[in-house]
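Visitor: I have a model to look through. Please take me through the labels and the cut-offs behind them.

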Amino acid sequence: PRQLAVVIFANLSFQPCNTTALVCPELLEILVAAASSTNDDTKMNAITSLGNLCRFEGNNSVLANYDEGAVIRVLTHVISNNRSTSNDVRISAARALLKLTRNSSVSWWVKHGLTLDLLATAVLTDNIISVRVRAAETLKELSRRLSTNTDLLDALVKATRTSDPGSKCCIAEALQIMSTNVGSRKMVAEHPGVLNALVAMAML
């Protein structure tokens, strides 16, 4: 029954007029649990639902802050779980997380450096290019809003080691964005890895 319910939620979420009604704690609890399922079909339907709900700006603060960031945590976990989750599911999770980041407040991210580090790891090591690039784009989007966050800077410096040109460009742009903020320039300049990362990028 749960699998069928999640399929129904996914179908309903495709209809724009339903998306506001579907964003409620009871449904989000079900979708977060289903996104952690060992069944890839159930997981895909849950992530599809979350991705559809993320398309509408009015939903995103609720989604991002539900249960202290449970939606963000589960999407990041799915992205990073490349041993037991299908690539299609992980690509969908990366797409949903990027939508959520673009359209919501980012207050939750301030307290959770581990999630930022997982995204940096995805940029470096994921075997699917669209996952790598979307993880990099998510970090870039966060740099617009968390320009004084040290955990984000750590993640960006780590991600500069990627060999993927598209991802590297996103990460370079993220560091550029942070460097334009007067309040973060001292932090960026004094970070132990930034200068070496910039030198390495300048030599490419």
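Guide: Start with Glu 57, which is exposed at a relative accessible area of 60%. Glu 57 lies in helix α5, residues 57–65. This is a predicted model: local features need pLDDT of at least 70, side-chain atom pairs count only at pLDDT 80 or more, and totals for chains, interfaces and linings use all residues. Residues are numbered from 1 along each chain as its sequence is written, and side-chain values use heavy atoms, without hydrogens and water.

Visitor: Why is Glu 57 called exposed?

Guide: Exposed means over 50% relative accessible area, buried under 20%, and partly exposed in between (1.4 Å probe, protein chains only). Glu 57 has 60%, so Glu 57 counts as exposed.

Visitor: What makes Glu 29 exposed?

Guide: Its relative accessibility is 52%, so Glu 29 is exposed. Glu 29 sits in helix α3, residues 25–35. A helix here is a DSSP run (H or I) of at least four residues, numbered from the N terminus.

Visitor: Why is Cys 170 called buried? And why is Cys 169 called partly exposed?

Guide: Cys 170 has a relative accessible area of 8%, so Cys 170 is buried. Cys 169 has 41%, so Cys 169 is partly exposed.

Visitor: How do you know that Cys 169 is in no disulfide?

Guide: A disulfide is a pair of cysteine sulfur atoms within 2.5 Å. The search of the whole structure finds zero disulfides. For Cys 169, the nearest cysteine sulfur, that of Cys 170, is 6.1 Å away. From Cys 170, the closest cysteine sulfur is in Cys 169 at 6.1 Å, so the distance is too far for a bond.

Technical notes
Helix = DSSP H or I, 4+ residues; strand = E, 2+ residues; numbered from the N terminus.
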